[in-house]
Amino acid sequence: MTVFLQQIINGLSIGSVYALMAVGYSLVYSILNFSNFAHGGVIMIGAYIGYFSLTLLKVPFYIAFIISSLGTGFLAVAMEKAVYRPLRKRNAPFLYFIISAMGASIFLENIVIASPIGPTFRTYPPIFSTTPIMLGPIALGRIDLLMFVISAISLGSLVYIIEKTKIGLAIRATSYSIKGSTLMGVNVDKVIFIIFLLGGILAGIAGMLFGMKYTVYPQIGNITTKSFIAAVFGGLGSLPGAVFGSILLGIIETMTSGYLSSQYRDLIAFALLIFVLVVKPTGLMGKSTEDKA
Amino acid sequence: MSWVYFSGILIMSGINLLTVLGLSLLTGFTGLFSFGHAGFMAIGAYISATMTMKMGIPFIPALMIGGFAAMLSGLLIGKLTLNLKGDYFCIATLGFGEAIRLILDNIKYFGGARGLPNIPPYTTLTNVVVINIVAIIVLVFIIKSRHGRNMVAIREEEMASQVIGIDVFKYKMMSLAISALYAGVAGGLLAHYLGYIQPIMFKMVKSTELTIIVIFGGLGSVSGSVIGALLLTFLPEVLRSFYEWRLVVYGAAVILIMITRPQGLMGGKEFSFKGISKIIKRFRNKNKDDGEVKS
C-alpha cells in the first residue's frame with residue numbers, strides 16, 4: 001500500500017509537468033489541426049534558459065522561471081511568424097505544416113548540439129534540499145511538490161484565460177471554425193499569436209521544472225514526445241483531455257517502474273499510444289476529426 | 001581518397017537511396033508522412049541478419065524475407081490506422097518506430113541494447129547497385145501505371161478521388177506496403193554491410209533524416225530522390241568539419257523549402273535526356289534571339 005501511494009504521488013508530480021507540455025500541443029492542434037512537433041524543441045530551449053539564468057546570472061529561481069518562460073514565449077511566437085505564418089497565408093496542405101514542424105524541431109535540437117553549449121548533460125544547481133518531507137511512511141520530494149504546485153497554478157491561469165476572458169472566447173470560437181470566427185470579426189492571426197505565446201510560456205516553465213528534476217541535454221525534446229502521447233491519449237485538441245491524459249500517463253509510468261521495471265516504462269507509453277490509436281483514435285475527450293470539406 | 005573509402009560511401013548512399021525510394025512513393029506520391037521508417041529498416045535488418053547468421057539461409061532470400069517481414073508489419077500498422085484522417089497515421093508511425101526500437105532493446109535473442117555483432121559482410125557495391133536499379137525500375141513502373149496515378153490523385157485530393165471511385169484505403173495500404181518492403185531490404189543490406197546492428201541505430205532521427213532527403217529531392221519525383229540521396233550522403237562525408245552543423249542546416253533548409261519551393265529540388269519533374277535537350281534548345285534559341293537583336 002505504501003508503494004502504491006508513493007507511486008501515485010510520483011505519478012501526479014511527473015504527470016502535472018507532462019500536462020504543462022501537452023496543453024502546448026493541444027492548443028495548437030485545436031486551432032490549426034496539426035501536431036506542432038517543434039514544441040519539444042521549445043521546451044528544451046526553456047530548460048537551457050532556466051539553467052543559464054541560474055548559473056551565469058545567478059538570479060533566484062522564481063526570476064529564472066520568469067526569464068525562461070518569457071524566452072520560450074518569444075521563441076514560440078517567432079517560430080509561428082517565421083515558419084507557419086507563410087504556410088498559412090498560402091493555404092498550404094497540412095503535410096507541409098508537419099514537415100516544417102519537423103524541420104524546426106531538428107533545427108532547434110541540433111543548433112544546441114553544434115553550438116558551444118554542446119551535447120553534454122548539465123545538472124541544475126541545488127535549489128532545495130533533497131531531503132524529502134515525510135508524511136508517515138510516504139516521502140514527498142520538495143521538487144516534486146514544487147512541480148505539482150507550479151503546474152497547477154499555471155494550468156489554473158490557463159483555464160481562467162480560456163474560459164473567462166474575451167481573448168479566451170475568441171480562442172474557443174476559432175477552434176470551432178476559423179472561417180466562421182473570421183466572419184464574426186475575430187482576428188485569427190492575433191488568436192494564433194496568443195495560442196503560441198501561451199504554449200511557449202508553459203513550455204518554458206515545464207522545461208525548467210523538468211531540468212530541475214532530472215538533467216538538461218539537447219535531446220530532452222525526445223522525452224517530450226511522451227507528453228505528446230499524453231495529449232493524444234486524452235484527445236488531441238482538448239485541453240481537459242490533455243491534462244487528464246498526462247496525469248494518467250504519469251501514474252501509469254511510475255506504476256510500471258514501481259512494480260515491473262523502469263526498462264519497460266517507455267515501451268508501455270508507446271504501446272499505450274498505439275492502443276489508443278487503434279481503439280479510440282480521438283482519445284478520451286477528443287473532438288471528432290471528420291473531414292468537413 | 002582511396003577506393004575502399006569511396007565505395008563505402010557509395011554503398012551507404014545506395015542503402016539510403018533504397019529507403020528513400022520507398023519513402024518517396026509514400027510521402028511524395030501518396031502524401032502520407034512517416035516518422036517510423038527506421039523501424040521498418042530495423043525489422044528488415046534484424047530478420048535478415050538472423051536468417052543468414054543463425055539459419056544459414058543465402059543472402060538474397062534472407063534479404064527478401066527481411067523485406068517481407070517489414071512489409072507485413074507495415075500492413076498491420078496500415079490496417080489499424082490508415083482509415084483515420086489527418087495526423088493520426090503519422091502519430092502511429094512515430095509510436096511504431098519507437099516501440100520497435102524499445103522492443104529490440106529488450107529481446108535477449110537479438111542481443112538487447114548491445115546489438116547483434118558478427119554479421120557476415122555479404123553486401124558489396126555490385127549487389128547494392130543491382131538492387132537499386134531493379135528498385136528504381138519497379139518504382140517507375142508502379143508510378144506510371146494506373147495504380148501510381150491513383151496514388152497521386154489521393155495525394156492531391158483525397159475526398160475527390162474517393163468520390164470518383166478510387167479505393168483510397170487500398171491504395172494507401174499498397175503504397176505503405178511497398179515502401180516498407182524497400183525499407184526492410186535496405187535494412188538487410190545495412191546489416192550485412194556494417195557487420196553489426198544496434199537498436200540505437202534506428203532512432204527517430206534516422207527516420208526524419210530519410211524524410212528530409214525525400215523533401216530535398218522533391219515530393220513526387222523519383223530522379224529527385226535519387227539525386228537527393230546521393231548528394232546528402234556524399235556532402236557530409238566530403239565536408240567532415242561541417243558534420244556537426246549538418247542537421248542544423250537540414251532543419252533550416254527544410255523550413256525554407258516548405259516556405260519558398262515546397263516542390264523541392266526537382267519539383268515533380270523527372271530527369272530525362274529529352275528534357276535536357278529541350279532546355280539546351282531553348283537556351284540556344286534565346287542566344288540566337290539575342291544575337292538578332294544586337295545585329
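This is a predicted model: local features need pLDDT of at least 70, side-chain atom pairs count only at pLDDT 80 or more; totals for chains, interfaces and linings use all residues.
1. Extent of the interface. On the side of chain B, 39 residues are in contact with 44 residues of chain A, and the area buried between the two chains comes to about 3,800 Å². Carbon and sulfur atoms give 78% of that buried area.

2. Polar and charged pairing. Between chain B and chain A the count of salt bridges is 0, while 2 residue pairs are in polar contact, both at pLDDT 80 or more.

3. At least two residues each of the side that touches chain A come from helix 3 (59–81), helix 4 (88–106), helix 9 (204–217) and helix 11 (246–260) of chain B. Of these, helix 4 of chain B supplies the largest share, with 12 residues. By residue class, the side of chain B that touches chain A divides into 26 nonpolar, 8 polar and 5 charged residues.

4. The cavity. A search of the whole structure finds 1 cavity of 30 Å³ or more, and about 40 Å³ of space lies in the largest cavity.

5. The lining of the cavity. Both chains take part in the lining, with A:Ile274, A:Leu277 and A:Val278 from chain A, and B:Ile77, B:Leu80, B:Thr81 and B:Ala92 from chain B. Helix 11 (265–279) of chain A and helix 3 of chain B each supply at least two of the lining residues; helix 3 of chain B is also among the helices that supply the side touching chain A.

Technical notes:
Residues are numbered from 1 along each chain as its sequence is written. Chains are lettered from A and ligands numbered from 1 in the order in which they are written. Side-chain values use heavy atoms; hydrogens and water are left out. Contact means heavy atoms within 4.5 Å. Buried area is the accessible area (1.4 Å probe) that two parts lose on being put together, summed over both. A salt bridge is a side-chain nitrogen of Lys or Arg within 4 Å of a carboxyl oxygen of Asp or Glu. A polar contact is a pair of N or O atoms within 3.5 Å; within protein, one must be able to donate a hydrogen and the other to accept it, and residues adjacent in sequence count only if both atoms are side-chain atoms. Helices (H or I, at least four residues) and strands (E, at least two) are DSSP runs, numbered from the N terminus. Ala, Val, Leu, Ile, Met, Phe, Trp, Tyr, Cys and Pro count as nonpolar, Asp, Glu, Lys and Arg as charged, and the others, Gly among them, as polar. On a 1 Å grid over the protein atoms alone, a cavity is a set of points where a 1.4 Å probe fits but cannot get out, and a pocket is an open set with protein on both sides within 12 Å along at least five of seven lines; lining residues have an atom within 4 Å of a point. Grid points are joined across faces, edges and corners, and a volume is the space filled by probe spheres set on the points.
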